[in-house]
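Here are some notes to read beside the structure, taken point by point. Please keep the view open and look for each element as it is named.

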Amino acid sequence: MNIVEFHNVAKKRKDFSIENLSFSIPNGYITGFIGPNGSGKTTTIQMMMDILQIDTGDIKLFGTSHKNYRIKQKIGFVYDDLYMYEDFTIKKMKAFIAPLYETWNETLFQSYLKKFQLPFTKKLKHFSKGMKMKCSLLFALSHEPEFIIMDEPTAGLDPIFRRELLDILQEMMTRENQTIFLSSHITNDLDRIADYIIFIHEGKILLQASMEEIQEQYHIVKGERNLLDADTKRLFIGFQDSTVGFQALYRGDLTLFDDVSDQLIFEKATLEDMIYFMTRKGI
Amino acid sequence: MVQMMKRDYMLNKIYFFFILIGVPILYIFQYIPTTMFIVMTLGLVFNVFFYEDRNHVTRAIISMPVSTSQAVVARYIFITLTAVCNMMYFAASSSIIKHYPNIIVGNPASFQPLTISQGILTLHITFILLAISLPFYYYFQSAYKSLIIQGIVVFLSTLAFIIFINSRALGVLANIPDWFIAKVMFFVENPNITIGFGFVISIACLYLSYIISFRFFTKRDII
C-alpha cells in the first residue's frame, strides 16, 4: 500500500514548472527525496500538503484526497524553517497545537522537550536555527504521526544533532506502519537511513527505486581517457572527462566490461554521485 | 475553530491591553471615540494578519488538521466578536465617565456619552468596512499591501459618501435622480430605521465577504 500517490500532477509557477509528476511513497519505509537546489522538492511537498494548488492531476494521501484536512491528524511535518509566530513560546505553541491532534501524547512531548533541551518559556524569535528545527521536530513527533514529512530537516544543523536526528528517525521506524518522507540535498544522511529514493530534477522524476536496487545497479566506472569514445559514452548515464581520465555513472551488469576490467576501476555509486552524473550528461 | 480563535486572542493580548487602558483615556480627553473605534477594529485586522505573514504561519496552519473553512470563519468571528465587545466597553466607559465630570479634561458640559443608536450604527459601519477589507488580506496574503489597499478603499468610500450627501450643495452628481437621493437622505435622517436595515445589510456583507475570502484562501497558493 502507498501512503502518497501523485498522478500526472502539473504546476506552473513564475519561473518554474512541474509537468506530469507521478510517483508513490510506500508505507512502512523511509523514502528519501533528492535533487539539486531548485529541482522542485519543496514545491512537491507543498503541493502534497495543499499549501500550493495543483493545476492538473491528482494527489492521494492515505488513499483519500490530499485536501481532506482530517488525514493531517496522521501527518507530522518538519519544514525547512519553523513557520510559527515568533512571539510565541513553546508553552503557547503547545496550548494552540496540542488540542488540534486527537493522538497528542503529552508524555512523549515532555520526553522530547527534555531530550532536545529546549526552553519552554523562551520566545521563538530568540531561538537559533538548530533550536527552531528541534522545536519543529518536537511538535511533529508528539502526536505520534503515522507519516512524517520532512523538507530539508538537516540543513543548518550541527553534525551532532544531525546524527541524533537520524537516530531518532531510525528508532521511530521500529514502530509498525511508520512512514517517513525526507527531502534533502545532503545525500550522506539518506545513504545511511533511506529504504527508497525518489530523485527529482527540473520538475521531473528521474528515478524511483529502492536503495537495494540502487546499490546493486548503479556503479561508478573510472578509467583512462583513451577508453572513452563515442560508443562507450552512450553506455553511461553521465560522465566526467578530464586530463587525468574519466569517471562515469553506469547502470547495469558490470560483466559488460569484462574485456577491459583490468583497465577500469569500479565503485558503488553514492546518491551524491547519482545526483552529480544524472544532472550532467557529459562534461 | 475555538483553537483558532484562542490563538488570535493569545497573539493580540497587547492589543486588548491598549483597548482596556486607551478607551477611558480617549473619553477623558474627549477625543472622537467612535472614529477611533473603527480605526482600532481595522487595526486589529492588520494585527492578526501581520503576525501570520511575518512568519508564513499559514503554511503550518494548512498542514495541521484544521479545515480551511473553519480557519476563515474563526477569524471572522474573532474580529466581529472583538468589535462587539469593544463597543460594549466603549459604551460602558462612556457612561461611567459621564458620572465623574471632574475627571474630564476640558469642558465637562460638552462631553457627549455614546448613545445606543450611535454605538449600533458605528458597529454596522465597522462590519461593512470589515467585509470590504478582509478579502484583500486573503487575496494579497501581505498585511502591508492589504493595509494600503484597505486605507485607499476606506478613504474613497468615505469621500464618495460625503460627496454624495453634499452633492447638491457642491453642485456635483447632478444626474442622480431625486428619488434616489431622497431615499438615501431618509436613512441618514432616520437612524432607528437605518439601524434595522444596517443590521441586515452588515451581516449580509460579512457573509458575502466570508465567501469571497474562503475562495481566495482555498484557491490561491499560500505564500
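1. Before the sheets are described, one term is needed: two strands are said to pair if DSSP finds at least two bridges between them. With that in mind, and remembering that this is a predicted model, look at strand E11 (residues 218–223) and strand E13 (residues 245–251) of chain A, which are joined by 6 bridges in the antiparallel sense. Within this pairing, A:Gly223 has A:Phe246 of E13(A) opposite it.

2. E11(A) also pairs with strand E14 (residues 265–268) of chain A, again in an antiparallel arrangement, through 4 bridges.

3. Chain A has an open sheet of 4 strands, and its order is E2-E1-E4-E5 with antiparallel pairing. Strand E2 (16–26) and strand E5 (64–65) of chain A each have a single partner strand because they stand at the edges, so one side of each has no neighbour in the sheet. Strand E1 (residues 2–13) of chain A is linked to E2(A) by 8 bridges, the two strands running antiparallel, and A:Lys12 finds its bridge partner in A:Ser17 of E2(A). Against this sheet packs helix H1 (residues 41–48) of chain A, which touches E1, E2 and strand E4 (56–61) of chain A, with a direction at about 115° to that of E1(A).

4. Which order do the strands take in the open sheet of 6 strands in chain A? The order is E6-E7-E8-E3-E9-E10, and the pairing is mixed. At the edges stand strand E6 (75–78) and strand E10 (204–210) of chain A, each with a single partner strand, so that one side of each is left without a neighbour in the sheet. From one strand to the next, the twist averages 15°.

5. Inside that order, strand E3 (residues 30–34) and strand E8 (residues 179–183) of chain A pair in the parallel sense, with 4 bridges, and A:Phe33 is found opposite A:Ser183 in E8(A). Helix H9 (residues 271–279) of chain A packs on the sheet, where it touches E3, strand E9 (196–201) and E10 of chain A, and its direction makes about 30° with that of E9(A).

6. An unreviewed UniProt entry places the feature "domain: ABC transporter" at residues 1–227 of chain A. In the model, this span is 30% helix and 30% strand, and its end C-alpha atoms lie 46 Å apart.

7. For chain B, an unreviewed UniProt entry lists several spans under "transmembrane region", among them residues 35–51 and 147–165. Residues 35–51 of chain B are 100% helix and 0% strand, with 25 Å between the end C-alpha atoms, while residues 147–165 of chain B are also 100% helix and 0% strand, with 27 Å between the end C-alpha atoms.

8. Helix H2 (residues 13–28) of chain B has 16 residues and reaches 23 Å from its first C-alpha to its last, which is close to the 22 Å expected at 1.5 Å a residue. Just after H2(B), B:Gln30 adopts a positive phi of about 55°.

9. Finally, consider where the chains meet: 22 residues of chain B are in contact with 20 residues of chain A. On the chain B side, helix H1 (2–11), helix H3 (33–54) and helix H4 (57–63) of chain B each supply at least two residues. By class, this side of chain B has 10 nonpolar, 5 polar and 7 charged residues.

Technical notes
Residues numbered from 1 in each chain as written. Chains lettered and ligands numbered in written order. Predicted model: local features only at pLDDT ≥ 70, side-chain atom pairs only at ≥ 80, totals over all residues. Expected span 1.5 Å × (residues − 1). Contact = placed C-beta atoms within 7 Å. Nonpolar A, V, L, I, M, F, W, Y, C, P; charged D, E, K, R; others polar. Axes fitted to C-alpha atoms, helices over the stretch in contact; angles between N-to-C directions. UniProt positions renumbered as here; feature names shortened; annotations may be inferred.
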